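My notes follow in the order in which I checked them.

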Amino acid sequence: MILNEWLERFGANTEMVGRVRGAAKESLVDMEDLFTKTQIEEMRVSLLGWYGLNRRDLPWRLAEDDIEKRAYRVWVSEVMLQQTRVQTVIDYFNRWILKWPTLHHLSQASIEEVNEMWAGLGYYRRARFLLEGAKMIVEEGGVFPKTVTSLRKVRGIGEYTAGAIASIAFKEVVPVVDGNVVRVIARLKAISANPKDSLTVKRFWELAAQLVDPFEPGDFNQGLMELGATVCTPTNPSCSSCPVSDHCRALSNSRSDSSLLVTDYPMKGIKIKQRHDFSAVCVLEIVQDEDMLDSDIHLSDSEFILVKRPDEGLLAGLWEFPSVLLEGEANLVTRRKMINQYLRNNFGLDIRKSCKVVLREHVGEFVHIFSHIRLKIYAELLVVHLKGLYICSLPSHFQICHILYLLFSVLYASLERQIHHY
C-alpha cells in the first residue's frame, strides 16, 4: 500500500501527513547511510565494555566447556524467549535443561512430554520445532551444526536463531536482528521507515552486520540485544545510561528539535485488529455403572473423551475436550444442537438413541486471549451412560481417558476460576 493510501485509510490529519511524509523521505536517505569506520570501532569498544559490566546473570549464559552443550542451551533459550519475557523463561529453561540436558536427551522425548513441559509458554509450535530439530540433527549423525548456513537447514531454525547460535556458541562473525536490535539501530540512524517492511528488514541486517565485532561476535550481539531490552526500551529509554548515545542520531535530533522524540523511532506498526472467535466446549463424561449414577464413587471409573487438534494451526497437536467453533454469540439451544451434531458425526454418539443423559449443565463462559484472537468459550458438562452394548468408535485423533476424580476436580475448579474471573 503506498503512503497516500495508507494515510487516507487511517484518517491521518494534516499535521500527521506532513510529519510522516517528511520522515519517510528522511528514511530513504538514512537507509542508504552506513556507519563510518570510526563509529563502528567506537561503538564496539563501548558496547562490549558496557555489556561486560551490566550483563544480566541468566542461566543460559553460564560458562560451558562443552561447545555443543553451549549451542544447545543457546538454542533452547532463544526459542523460549521468542514472544516471551525473560523472567518467565528462566524457570521453564531450568526445568527443561534438568529433564533434557543435551540434544540427544531431547531427541528421545515424545511430543506429549515436550508439550507438557512447555505448558504455559504458549506458541506451542516452537516446542514442536525444537523436538523435530533435535531428532533431525541426531538422525543425521548427532553433530550440532556450527554455521548459519548449516543451522538454517534444521527445521524450525530461522535466520535470527541461526545467527544467535552461530555467533554465541561458535563465534561465527554474523549479526542477529530481533526487535531490540531493530529499535537500537533505528534510533542510532534515526530510521523512520516501517521496520516490518521487507526492504527495511534487509537493511537492518546489513547495518547490524557492519557492527558485529570480529573477535567477540557473541558478546557483541548479546550486548546489542541487552541494550535494547534494558536501556533503549520502547517507551522509556534511559539515554543518559546508554554507552553509544554519542552516536545516536535520534537523541541528537530530539535535542535540536523539541517536536521530535527518541521514541518516534522506529515507526510504530499498525496493530492488526484482533479477531473475535466463539467456541462451545463439551466435557463429556461416560459413566460405566448405571446403578452408581447417584454416587460420587463412580467418578473414579469415569471416562472422558479428549480430541487431538490438527498438527498445523492454533494449538497444533494438543489435546482438548470436544469443541466446535461457532459463527458468533449463540444461545444454549444452538450450542447444544451443534455439540450433539459434532458427537454424532465424530463418535456415532446419538444423545437421544445411544445413551442416557445423566447430567447436562452449562458450566459457564470465559474469554481466552491469544496474540491475534479473542476466544470466548462456552463450557458445558455432559454426563452419559451408554445404552446396551453400544461401543463408541473413535478415529486415531480421539482418545478415551480414564481420569481420577481428583484430576477432574482440578480441571473443573480451574474452569470455574476462569469463569468467575471473567
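For the first entry I took a cavity to be a set of grid points where a 1.4 Å probe fits but cannot get out. On this predicted model, the count by that rule came to three cavities of 30 Å³ or more.

I then looked at the largest cavity, which holds about 110 Å³ of space. Its lining has 14 residues, and the closest to its centre are Arg187, Cys232, Cys239, Cys242 and Cys248. Helix α11 (residues 179-188) gives the most to this lining, with three residues, and I noted that the lining divides into 11 nonpolar, two polar and one charged.

The second largest cavity has a volume of about 50 Å³, and the residues I found lining it include Arg335, Arg336, His362 and Glu380. The elements that give two or more residues to it are β1 (275-287), α15 (332-347) and β6 (373-386), and its lining divides into five nonpolar, one polar and three charged.

I found 11 of the 15 residues buried, so α4 is largely enclosed by the rest of the structure; Arg70, Arg73, Trp75 and Glu78 are among them. The buried residues pack against several helices, including α5 (86-99), α8 (125-139) and α13 (217-230).

How values were computed: Residues are numbered from 1 along each chain as its sequence is written. This is a predicted model: local features need pLDDT of at least 70, side-chain atom pairs count only at pLDDT 80 or more; totals for chains, interfaces and linings use all residues. Side-chain values use heavy atoms; hydrogens and water are left out. Buried means under 20% relative accessible area, exposed over 50%, partly exposed in between (1.4 Å probe, protein chains only). Helices (H or I, at least four residues) and strands (E, at least two) are DSSP runs, numbered from the N terminus. Contact means heavy atoms within 4.5 Å. On a 1 Å grid over the protein atoms alone, a cavity is a set of points where a 1.4 Å probe fits but cannot get out, and a pocket is an open set with protein on both sides within 12 Å along at least five of seven lines; lining residues have an atom within 4 Å of a point. Grid points are joined across faces, edges and corners, and a volume is the space filled by probe spheres set on the points. Ala, Val, Leu, Ile, Met, Phe, Trp, Tyr, Cys and Pro count as nonpolar, Asp, Glu, Lys and Arg as charged, and the others, Gly among them, as polar.
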